[in-house]
Amino acid sequence: MLPMRAEVLKGHLDGLLLATLADGPRHGYAIKEALRLGSGGQFDLPTGTVYPALHRLERAGLIRGSWSTVNGRRRRSYELTAAGRRTLSDERSSWQEFSAAVTALLGNSPWPATT
Amino acid sequence: MAGNNLSDPTHRDGVTHYLAAVTAQLPGPPSARVAVTDELRDGLMEALETHQARGCSQVEATAAVIAEFGDPDTVAAAFGPELGAVQARRVAVGLLVTGPLVGLAWIAAVVVNALPPWRHQLIGPWLALPLVCLALAVAGPALGLTVAASGRLGRRLGQVVDRATLPPTAAAVAGLAAVVADLTLLGIITAHALTSPGSYVWAPVIVAAGASLTRITLAARAARRCLATRAALT
């Protein structure tokens, strides 16, 4: 199974990144790995482009970064802000509505009769 | 752990060169570039350790990590809008802080010396004073736009304008407007001193002129850097 290209995730990346932080803080590479493992290897983004997306979310006030020192090197970890939790909740709701509608249309169930 | 040691030749030749290739292309303030470099370095080393833990040799792990992180040009370009916003915001904050100080210095110089504006007269070189007002009228909204676009509102503004270039563009406009205002004030006071010799209280004039000269230098440099960042983002 080939990983999906980054373009496929356009429009959903912010929500996915926020979701990786729902259970607690992670650093950039851990977020990327969580996306890859959580999607069964489908979402294997170029790691270097995940970091700018995190910076963008931080600038938007949806996540908060903090520095620590691990193994003698500086590490930046991210956690959700209150605004980030609200946005994640909204993203989940809209995705469930969207996916339910698409599933209804692309599924094998018969189409309703129209005039 | 072996993966932690950047002095290892494999890492030096691979990961460190990769990191250097990315950071050499990053725009923005030095401190922000250092922060990005530190963050990427940690990610690269973490990835190396992960691959080695899966059984890869150092050479294999290094090659895999570099492929995993992506092309250095692409990574650096992806950071461009964020670092450009950081740069623009710092310029805007600098202008917002120095603006009132420079303004107060000039007001003090005018009041202490009872210069024409203090007597509600716009004569001689002071006829150019509306140009200062015009520059401030441009700088104000440009600063507001910079602060908005480089902060939380940037995500929403990005739906209607080019999110990447707006902050450095607006900051450059504000910086250039500040330069115009300062140059005009310096020109006015110089012309006034030459055409209306008399006894001045020079201290406030020198303070105001010094403040403007300093701001001209800093604002012009900041505007040039913002324009360079904008050019790199387009």
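The exercises below, each with a worked solution, concern a predicted model. Residues are numbered from 1 along each chain as its sequence is written, chains being lettered from A in the order in which they are written. In this predicted model, local features need pLDDT of at least 70 and side-chain atom pairs count only at pLDDT 80 or more, while totals for chains, interfaces and linings use all residues.

**Exercise 1.** Find which elements of chain B give two or more residues to the side that touches chain A.

*Solution.* Start with the contact itself: 23 residues of chain B meet 20 residues of chain A, where contact means that C-beta atoms, placed from the backbone, lie within 7 Å. Next, list the elements: helices H2 (30-53), H3 (58-69), H4 (72-112) and H6 (154-157) of chain B. Helices (H or I, at least four residues) and strands (E, at least two) are DSSP runs, numbered from the N terminus. H2(B) gives the largest share, nine residues.

**Exercise 2.** Determine where the buried residues of helix H2 (residues 28-38) of chain A lie around its axis.

*Solution.* First, name them: Gly28(A), Tyr29(A), Ile31(A), Lys32(A) and Leu35(A) are buried. A residue is buried if 20 or more other C-beta atoms lie within 10 Å of its own, exposed if 12 or fewer, and partly exposed in between. Then look down the axis: the buried residues of H2(A) fall within an arc of 160°, so they line one face of the helix. The arc is taken from the directions from the helix axis to the C-beta atoms. Finally, identify their partners: helix H1 (13-20), strand E1 (26-27), helix H3 (47-59) and strand E3 (73-80) of chain A, together with H2 of chain B.

**Exercise 3.** Describe how H2(A) and H3(A) pack.

*Solution.* The angle is about 110° and the axes are 9 Å apart; axes are lines fitted to C-alpha atoms, for helices over the stretch in contact, and angles run from 0 to 180 degrees between N-to-C directions. This makes H2(A) roughly perpendicular to H3(A), the class for angles of 65 to 115 degrees. On the H2(A) side, the contact is made by Gly28(A), Tyr29(A), Ile31(A) and Lys32(A). On the H3(A) side, Thr47(A), Val50(A), Tyr51(A) and Leu54(A) take part.

Methods:
Two residues are in contact if their C-beta atoms, placed from the backbone, lie within 7 Å. Angles under 35 degrees count as roughly parallel, over 145 as roughly antiparallel, 65 to 115 as roughly perpendicular and the rest as oblique.
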